[in-house]
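Subject: Structure handover

Hello,

Here is the structure for your files. My notes on it follow below.

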Amino acid sequence: MAETTFLDSTELVLNMGPQHPSTHGVLRVILKLDGEKVNGTECVIGYLHRGVEKIGENRTYQQFAPYVDRMDYVAAVSNGLGYCLAVEKLLNMEAPPRAQVTRVILTELNRIASHLLWLGTHALDIGAITPVFYCFREREEVLKIFENYCGARLTTHAFRIGGLLYELYDGFEQEVKTFCDSFLPRVDEYEELLTNNRIWVNRLKGVGILSAEECKEYGVTGPVLRAAGVKWDLRKAQPYSGYEQYDFDIPTRTDGDTYDRYMVRMEEMRTM
Amino acid sequence: MADEQKPEGPVPSAPEGQGTPPAGPPKPAAAAHAPPKPPPEMAATPWEGDLPNQIRERFGDQINACSTYLGQNFVVIKPEAAVPLIEFLKLEADFDYLVDLTAVDYPKRAERFELFYILYSFARNERLRIKTMIADGAKPATAVGVHVGANWLEREVFDMFGIQFEGHPDMRRILMPEEWEGFPLRKDYGILKQDDRWVRENLGIESGQ
């Protein structure tokens, strides 16, 4: 029987993180490697656990509202909307129509800003440095609108239970219109950099495929589910805050890989 | 509707303030500005329809309630029938997506934990909550065999509440450190409480508080 040493073993267990170089959210992954091929992973996800439920047990509903901003700091406005809607449902009340429209405008702007941060950092992680500067240029315009509205750029706490804290400021309409008019050509610019770029396509096509069935099994929704071909968007399926009054498309793709998820999000930036 | 939250309700007085005394049958417009309603009580009404009837027929006296509240349907069921009900809903009623699975601690109840499953059906565009009450130390069956996504959710419930799931493939903590003592989302776990030994050994400080 031949003697075996650890050099003969094809599997190497390697710890990645929690100080991952692209620390957008701290994750530790224990990798099982065969050369450069990853055979298995175990994820350790607790590093960002802050126990907000426990904090919530010790706060009033109004006091807890700013905490939801910090659950996802690039979607603070959207989180605030979800939280306000939940508490309003418990109170059996609805925000007035004007507040609902304001909420939708700000939430949609936040969605664009969040998509821009995703695009910039995603490209950065794949190895393309340029797009992040373009993305942050436009994201800045959205954050300026937030700052003008409520004084904060990231953790906005823009809404209050029952409606809003502030009336829209003078010039808000013009600023939003200017942003919307200038934004679509900018999306073309991002696409010019990436969509048909051979390196980009090679690194995204066929990677991380999740079928529609797998998405439902694992509880994955949003752009990931739409990239797998399911035409489903909560704003259409169960409209809230007056979304039933707006006409918009739900972009979908069919392959469910990283490239299709990229394309779905790009198209989502065009439909606002 | 926000106007209704103001105690005085000054809005309806403007059109009526023409010197005419408020008399006669109340106009519908005035009714819309009635004094604030008392806060809604947890008064659920029975949930009617084909699906709830099927559930009642199939699970009979294992069902404690099959109700609806603020437009949200829920079924309260005995713990041993919860997973069979979820499987039935998945296979025969298209509830193919487990949105969430978590628990709430009511320390004064005899069965202190309320374990609940939120299901969604893409085909029906409907949500449904399944609730079940379990005592401290009881081991409910895992739902991993029905919904793969229950795996991490049940680990989180174990991590936070100390509820062990029978038949779970990997019943370990998921968010807290593995050696941590105590279950943070139990109501008797104070907000300043921590595992002192763990903090001393791993962080090298006396206390994080």
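In chain B, B:Pro46 stands opposite B:Ser67 in strand E2(B). The two strands involved are E1 (residues 45-46) and E2 (residues 63-69) of chain B, which run antiparallel and are joined by 2 bridges. Strands here pair if DSSP finds at least two bridges between them; strands (E, at least two residues) and helices (H or I, at least four) are DSSP runs numbered from the N terminus.

Before the rest, the conventions. This is a predicted model, in which local features need pLDDT of at least 70 and side-chain atom pairs count only at pLDDT 80 or more, while totals for chains, interfaces and linings use all residues. Residues are numbered from 1 along each chain as its sequence is written, and chains are lettered from A and ligands numbered from 1 in the order in which they are written.

Still in chain B, E2(B) is also joined to strand E3 (residues 72-77), by 6 bridges, and these strands run antiparallel. One facing pair there is B:Ala65 and B:Val76. E2(B) and E3(B) form a hairpin with 2 residues between them. B:Leu70, in the turn, has a positive phi of about 50 degrees.

Chain A has 11 helices and 5 strands. Its C-alpha trace spans about 80 × 50 × 35 Å along the principal axes. Of its 272 residues, 24% are buried (20 or more other C-beta atoms within 10 Å of a residue's own, with C-beta atoms placed from the backbone). Among chain A contacts between residues at least 6 apart in sequence, 54% join residues at least 24 apart; a contact means C-beta atoms, placed from the backbone, within 7 Å.

In chain A, 3 strands form an open antiparallel sheet in the order E1-E2-E3. Its edge strands, E1 (12-16) and E3 (37-44), each pair on one side only. The twist averages 20 degrees from one strand to the next (axes are lines fitted to C-alpha atoms, and angles run from 0 to 180 degrees between N-to-C directions). Strand E2 (residues 28-34) of chain A is joined to E3(A) by 7 bridges, and A:Ile30 has A:Glu42 as its bridge partner in E3(A).

The contact between the chains takes 22 residues from chain A and 20 residues from chain B. On the chain A side, helices H1 (52-57) and H8 (212-218) each supply at least two residues, and H8(A) gives the largest share, 3 residues.

Regards

Note on methods
Two residues are in contact if their C-beta atoms, placed from the backbone, lie within 7 Å. A residue is buried if 20 or more other C-beta atoms lie within 10 Å of its own, exposed if 12 or fewer, and partly exposed in between; C-beta atoms are placed from the backbone.
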